[in-house]
Amino acid sequence: MKTSKIKNSLVVMAFILSVLPAWGHSDWGFTKDFGNVRVTYWCGFSNHEERYKSHIIARLVEILSKELGCKQPIYLDFKHSYVEDIVPEYKLWYKRGKSGDTLVFHVHEKTYDAVKALQLIEYGIKNKASVVKNQRDTVIETRYWGPQTHTSLSRAEINKILRRNVSPLINKVLANKIYRPKNESDKIVEGFTYYFQNNKYHLCYERQEGYGAVQLELDNIYQFQALVYYDGVLSSRLGVVFDTDSTFYVVTRSNYVEEEHAGYFLSKRHVIKNVADIFQPYVLKELGKSEVFIGVEQPFSGTRRNLLYRVKDDYLVQDLDALVDKESEKE
């Protein structure tokens, strides 16, 4: 790689980083309705994949409620622990109201679990009288907002429900294909996406005519993004998918022809070395048509680094700044 090319890439990267907002904000929520199911996702960063997982789970809950003939409102409250990998906190209770009762499910965790959510919702629908009888108010001291009262079945009761075998009905619901929801500002009409089925994530290519073959199957997706070479483009041939907070794959499609003539390339599983306390999503940008810029910036740990992935030789430059400094010393 020539020094001039490296410096040109850094100029582009410096511009990318310069337009990013400074870190420091409060969490906010997104609310969406799926039939009788309302879901709210509370987050610190809107492009964490848990946002889209919360909507996928809401779609599955809607299917489950129809299977059980349940027409009452169901409210899903997803809080994302994006800084710490905490012990998952689940709550389940009925909110009584003049116009009817609402089954409320709350979860606070780092990685959402569709199976556990469905187990608790199924129990809540089938055992309303028991939930209403056993739910209790508990006063909890919070770090920033003082004492707060929470209503739920006890943790012991919830853990007992989650230890049960997954029911045939839940397995039937999980067999449905639920595609990743579109971002409201996403202009891409053709590009990589994934669907959730049987508790797995399946990466594929979406065309206006339909979906291509599965290129990758994963147990979890930490961050996903279909990339474009310039703003305003309606098609993408490159996608980046993180299965953990430090490992990722890159998948590319060779052209825009019919699916049977398309060529795909899936990278090996790359590891980003020497990163810790990851909580802010990676900055991902396509440079040219064969390179991916990956920006790491974690204010809590003071980590800031620029990486470069090259599709043509499936190679990851772990520290682009250090490489440029080394080349500059030779001049």
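**Exercise 1. Is the crossing of α2 and α3 left-handed or right-handed, and which residues of α2 and α3 make the contact?**

Before starting, note that this is a predicted model, in which local features need pLDDT of at least 70 and side-chain atom pairs count only at pLDDT 80 or more, while totals for chains, interfaces and linings use all residues. Residues are numbered from 1 along each chain as its sequence is written, and side-chain values use heavy atoms, with hydrogens and water left out.

*Solution.* Step 1: find the elements, which are DSSP runs numbered from the N terminus (helices are H or I with at least four residues, strands are E with at least two). Helix α2 covers residues 50-67 and helix α3 covers residues 114-126; their axes lie 10 Å apart, and the helices pack at an angle of about 35 degrees. Axes here are lines fitted to C-alpha atoms, for helices over the stretch in contact, and angles run from 0 to 180 degrees between N-to-C directions.

Step 1: the crossing of α2 and α3 is right-handed, a term used when the near helix is turned clockwise from the far one by less than a right angle.

Step 2: α2 contributes Ile57, Leu60, Val61, Leu64 and Ser65 to the contact, and α3 contributes Ala114, Ala117, Leu118, Ile121, Glu122 and Ile125, where contact means heavy atoms within 4.5 Å.

**Exercise 2. Describe how α3 and α5 are arranged.**

*Solution.* Step 1: the axes of α3 and helix α5 (residues 155-162) come within 9 Å and cross at roughly 110 degrees. Step 2: that angle makes α3 roughly perpendicular to α5, a term that covers 65 to 115 degrees. Step 3: the contact is made by Lys116, Gln119, Leu120 and Tyr123 of α3 together with Ile158, Ile161 and Leu162 of α5.

**Exercise 3. In what order do the strands of the five-stranded open sheet stand, and which strands does α2 touch?**

*Solution.* Step 1: the five strands follow the order β1-β2-β3-β5-β4, with mixed pairing; two strands pair if DSSP finds at least two bridges between them. Step 2: at the edges are β1 (28-34) and β4 (89-95), each of which pairs on one side only. The twist averages 15 degrees from one strand to the next.

Step 1: strand β2 (residues 37-43) pairs with strand β3 (residues 74-80) in the parallel sense over six bridges, and Trp42 has Lys79 in β3 as its bridge partner. Step 4: α2 packs on this sheet and touches β1, β2 and β3, its direction making about 165 degrees with that of β2.

**Exercise 4. Where does Asn220 lie, and what does its side chain reach?**

*Solution.* Step 1: Asn220 sits in the loop between β12 (216-218) and β13 (223-227). Step 2: apart from neighbours within four places in sequence, Asn220 is in contact with Lys53, Thr111, Tyr201, Phe242 and Asp243. Step 3: the side chains of Asn220 and Lys53 are joined by a polar contact of 2.6 Å, and the side chain of Asn220 reaches the backbone oxygen of Asp243 at 3.3 Å. A polar contact is a pair of N or O atoms within 3.5 Å; within protein, one must be able to donate a hydrogen and the other to accept it, and residues adjacent in sequence count only if both atoms are side-chain atoms.

Notes. Angles under 35 degrees count as roughly parallel, over 145 as roughly antiparallel, 65 to 115 as roughly perpendicular and the rest as oblique.
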